[in-house]
Structures are given as C-alpha cells and as structure tokens.
Amino acid sequence: MSEGTDFVRLGPELWVFGNADGAFSLSDWPDLPPGLEKMQASFGRESVSKTRGLLDGAIAAAIKPGSAARTMDDLTLPQYIAFLVADYQRMRPARPLFEKAARRFAAAGLNEYADYAREKADEESGHDKLAFRDLTELGLPAQQVIDDLPSTRSLALVQFLEEIVESERPVACFGYAYVLERMAEMRGREVLDHVQDLVGPDVNATRCWYIHSGVGPEVGHVEELIEFVSKMPPNDRAVVVKAVHQTACIKYAADKIFDYYRDDQILEVLAGYSNLPDRINRVIQA
Ligand SMILES: [Fe+2]
C-alpha cells in the first residue's frame, strides 16, 4: 500500500484501503503487517479521494457472489412493483429517524452533524409518498400491495438505522445514508427508460426511481456526503465506513436470507385485486 492510503478494519479478516486516486482495495489479513501499523497515524489527513475509496470499498466488500446485487436489464413489471413496496417501507421511517439523530447530535453539541442530519431528514421528506403514488398510478391499491408484499430486507434496514440512532455512535447514520444514495446514483437513464417501457408510455409511475437516480435532482448528494465524511475526525470516519459495510451487507445479503418474491408469487397476489388496468391483467394472464 502506498503512503497515500487510509484503511479501516471492517471485520476480523477484512480491511478496506482508500487510495489517494479514489480507488480502493480489500484485504483478508488477520492483522496489519507491522510496517503499515505506523501509517495508521496518517489516517485522518483530510482527503476526499481516500474517503471515497473507503466508502465505495466498504460497499464492494459486502457484495459477494450470490448476493442480491444484480443488474436491472431483466427487471420485470412484477419485480418493479415489489421494489416500490420495499422503497416505501424503507423511506417512510427515514425522516423521523434522521430527525432523531439530529436531536441527539444537537444535545451532544455536535452542531455540524445535527445540521447535516436535519438536512438528510428534510431531503427524505415525502419520498415515501413518491413510491406510494407510483403504485397508485400503476392502477394498484397501494396500501393493500404494501401490506401483501412486505419487504423483510427493507424492514431489516430500517431496524439497523433505528439501532444506529439509539446507539453510542449515531454518526453511523451517515454511513447508512451513503449506501442508499450511492446505489441510487448508479441507477442510470437506461434503467429509467426500461422501467418506463414496463409501466407503459402514458403512465407516470417512475417518480420515486427518477428522484433516486443518477439523472435526477439529487445527483449531487453523494459528493456532498463524501466531502462531509472526509472532514470528520478519524474515529468518526471509521465508524461511518464500518456502517457503510454493515448497511451494504443487509442490502446485498443473499436472497435466501431475506424475502425475494418471484414473479409468479407477486402476480398471484395481484390477481386477487379487482379493477386492475389492462397492462397488469395482460402480465397476469401471460
Ligand atoms: Fe429519498
């Protein structure tokens, strides 16, 4: 590892290194080689690039073969519906939880953290409603679909954020935010076009994914967050990097750990509703 490298231990045999060029590497050393230990002193020299490497490396370390991370090329309409339910369940508690984190930071005199957590809370305001409206716009009884296709993965993510906010180190909430914002940023125009094809050209049911994409209005959030984390004291920065890894481990855990609805399971649920639009009826009957 070069001198321009920061590192954080993510697990017993897992280290992430963030390099000065923004790249990262991972290692399964049980312990640091002696020469590198000295370099720990360098951790904390403010660097946006090294922080970017640490944060992205912590996500990459969670994505293993067989995990839930996948391309969106083969996304189907039933799966999109299940994703909207999962988005709704994850986004609905986000605002109150980030507000709570802000109050805890303020009480501890950490005003910059409090302000930024409040900003995150404000940004999340109404985002759950976007997913709800998209479901409604698809001609579905939104609340019924949410009740019938709950996402245990989203509920696990929310539980993790609750634990963070209650914990000794609520600063980890910025690691949680990083994973969700970074992964949303990866959603490009081609995915949005594919979803528009799925829902039909005249149906406005892509609000939630457009806002949470690499072409929507929130596209600068990831860069802001990296810069914010890069200015933290070393200990806090390490807490954030570990939280990124833990959040990504939940988000990308193998399908068999959490729910993963197959198309036929989703369609069976939808078939129980009345007055569905033709587009969805055609998929059910196909
Ligand atoms: Fe959001």
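User: Through how many residues does a hairpin join E1 to E2?

Analyst: This is a predicted model. Strand E1 covers residues 5-11, and strand E2 covers residues 14-19. The hairpin joins E1 to E2 through two residues.

User: How many bridges join E1 to E2?

Analyst: The two strands run antiparallel. Val8 stands opposite Val16 in E2. Arg9 has Trp15 as its bridge partner. The number of bridges joining E1 to E2 is six.

User: In what order do the three strands form the open sheet?

Analyst: The pairing is antiparallel. The edge strands are E1 and E3 (24-27), and each pairs on one side only. Neighbouring strands are turned by 20° against each other on average, direction ignored. The order is E1-E2-E3.

User: How many of the seven residues of E1 are buried?

Analyst: A residue is buried if 20 or more other C-beta atoms lie within 10 Å of its own. By that cut-off, E1 is mostly covered. The number of buried residues is five.

User: Which helix lies across E1, E2 and E3?

Analyst: This helix spans residues 48-60. Its direction runs at about 145° to E2. The helix is H2.

User: Which strands does helix H13 touch as it packs on the sheet?

Analyst: H13 spans residues 234-251. Its direction makes about 50° with that of E1. The strands touched by H13 are E1 and E2.

Methods: Residues numbered from 1 in each chain as written. Predicted model: local features only at pLDDT ≥ 70, side-chain atom pairs only at ≥ 80, totals over all residues. Buried ≥ 20, exposed ≤ 12 C-beta atoms within 10 Å, placed from the backbone. Helix = DSSP H or I, 4+ residues; strand = E, 2+ residues; numbered from the N terminus. Pairing = 2+ DSSP bridges. Axes fitted to C-alpha atoms, helices over the stretch in contact; angles between N-to-C directions. Contact = placed C-beta atoms within 7 Å.
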